Amino acid sequence: MAKRMIPPLTFVSPEPFAPQTFTDPKEAVAALSALYERNTAFLINSFTELAKGAPIAGRYRACYPQVSLETATFGHVDSRLSYGHVTAPGVYTTTITRPELFRHYLKEQLGLLIKNHGVPVTVSESATPIPLHFAFGEGAYVEAAAASSLSDVPLRDLFDTPDLNNTDDLIANGEYDQVPGEPAPLAPFTAQRIDYSLARLSHYTATSASHFQNFVLFTNYQFYIDEFAAWARQLMKNGGEGYTAFVEPGNFVTPAGCEKPETDAVLARLPQMPAYHLKKKGHAGITLVNIGVGPSNAKTITDHIAVLRPHAWLMVGHCAGLRNSQRLGDYVLAHAYVREDHVLDDDLPVWVPIPALAEVQLALEGAVAEVTGYEGFELKRIMRTGTVATIDNRNWELRDQAGPVKRLSQSRAIALDMESATIAANGFRFRVPYGTLLCVSDKPLHGELKLPGMATEFYRTQVAQHLQIGIRAVQKLAAMPTETLHSRKLRSFYETAFQ
């Protein structure tokens, strides 16, 4: 078979798209969807034809849609708002991917901009190419398919592939340098950065990004997953009580009113960080992710879930109690963090304070009171509020304790774990409301380590209660207006308009 040749400096693309302006956010999102579907279909169809042996016409390229806003005034906007407006005259723009997945989010963000500034938004075609891998969506194996059918030409010579040089968090990190005369960013993430995370989410959790809910619980023990799955399955069997479906790794869906998933298929093995989703209309349900042990996992998964723009995420897991007055099974409500996890040092300097968010703190404390029956001063019997330290060395007790113990004492820390400060810091960094409620499972400084029999009983009696507290807390948060939950405390001097 003769080797196919690529015509030099020839690009093959869809017909140019004429910019369109909209004052109706629903119509703007529909236009974004139509443009995105047209351009991704062009790439997929081109690849399919080439795989069948069609002659190469050039380098195939299609670009992401984008949405822009231009305002000429320093129009006064309600100072209570934390998002949905820009602070200065200029042109603002962002590239868009998977508009159907983000339909509700985009309608809200664009609707607020149109309302607050009284100007239309413009939908157009950006200059940022869509990588072929991302055009296929989650779970695509483009390289493997191309190996046999396009072995005569490197795939990167025919299509754009993911470019990590332009996939970064400069905007979210507050490190983006505005180029004079260029539009300012409208959203914290670009389309290619979002696509990268959507692909990673599917890989790490074995569930589609479409199943993730706006309220996310993270845990570091499988016991919580087992309890959540049993509770969710019973809920589905009883009709759902407002929840519509329960989704397990492998995208196995149990609809409300059913006892088991719609398929009898079995996942060959669990992913690194399995996710379970109790779905509700408008993504208002609960996602629970077992992140395992360690700050690296905590950073990895929150890096990717952040692009879905959840309304809140909470850590509910186990910790070491650091005070002699604490007992195994007591709760710790974090109101400050000591960050010795180090995984975010390059993105968020350790001198940046991670504040407690009043709305989340009240929801967690209220949930503990409701589930346990303790109130007011009596609540102090089982819960302590204070500083949680997160460390990257699970066996820190085996080293010279003088240094760590002194730092823990000086910081007034009451608990130690390996994930909570990482999750809170990434919530701060990505403007996702965060909180931490931990359960004391051992006291290494005081020689209280669980024996095997004690551990079994501890987990049996305490995990169920702790999980129900976490669920009740996110239900309280879900009942709040989003403009109340998304605190202004998470916004910097130069913020994007999109939440």
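Predicted model: local features only at pLDDT ≥ 70, side-chain atom pairs only at ≥ 80, totals over all residues.
**Helix crossing, a buried Phe and aromatic pairs**

Residues are numbered from 1 along each chain as its sequence is written, and side-chain values use heavy atoms, with hydrogens and water left out.

Two packed helices are described by the angle between their axes and the distance between the axes. Here, H5 (residues 191-205) and H7 (residues 295-305) have axes that come within 8 Å and cross at roughly 130°. Axes are lines fitted to C-alpha atoms, for helices over the stretch in contact, and angles run from 0 to 180 degrees between N-to-C directions. H5 and H7 are therefore oblique to each other (under 35 degrees is roughly parallel, over 145 roughly antiparallel, 65 to 115 roughly perpendicular, and the rest oblique). Helices (H or I, at least four residues) and strands (E, at least two) are DSSP runs, numbered from the N terminus. On the H5 side, the contact (heavy atoms within 4.5 Å) involves Arg193, Tyr196, Ser197, Arg200, Leu201, Tyr204 and Thr205; H7 brings in Thr300, Ile301, Asp303, His304 and Ile305.

Over in strand S2 (residues 20-22) sits Phe22. With 11% relative accessibility, Phe22 counts as buried (under 20% relative accessible area; exposed is over 50%, partly exposed in between; 1.4 Å probe, protein chains only). Leaving aside residues up to four places away in sequence, Phe22 touches Glu27, Ala28, Ala31, Ile114, Pro120, Val121 and Val123. One of these, Pro120, is 98 residues from Phe22 in sequence, yet their C-alpha atoms are 5.2 Å apart.

As for aromatics, the whole structure holds 12 pairs. Rings of Phe, Tyr and Trp (its six-membered ring) pair if their centres lie within 6.5 Å; planes under 30 degrees apart are stacked, over 60 edge-to-face and the rest tilted. Phe218 and Trp313 have ring centres 5.8 Å apart and planes at 65°, so they go down as edge-to-face. Since Phe218 is in strand S8 (residues 215-219) and Trp313 in strand S13 (residues 312-321), the pair ties together parts 95 residues apart in sequence. Both Phe218 and Trp313 are buried. Phe493 and Tyr494 also pair edge-to-face, at 6.4 Å between centres and 80° between planes, but both Phe493 and Tyr494 are exposed. Finally, Phe47, Tyr60, Phe136 and Phe159 make up one aromatic cluster.
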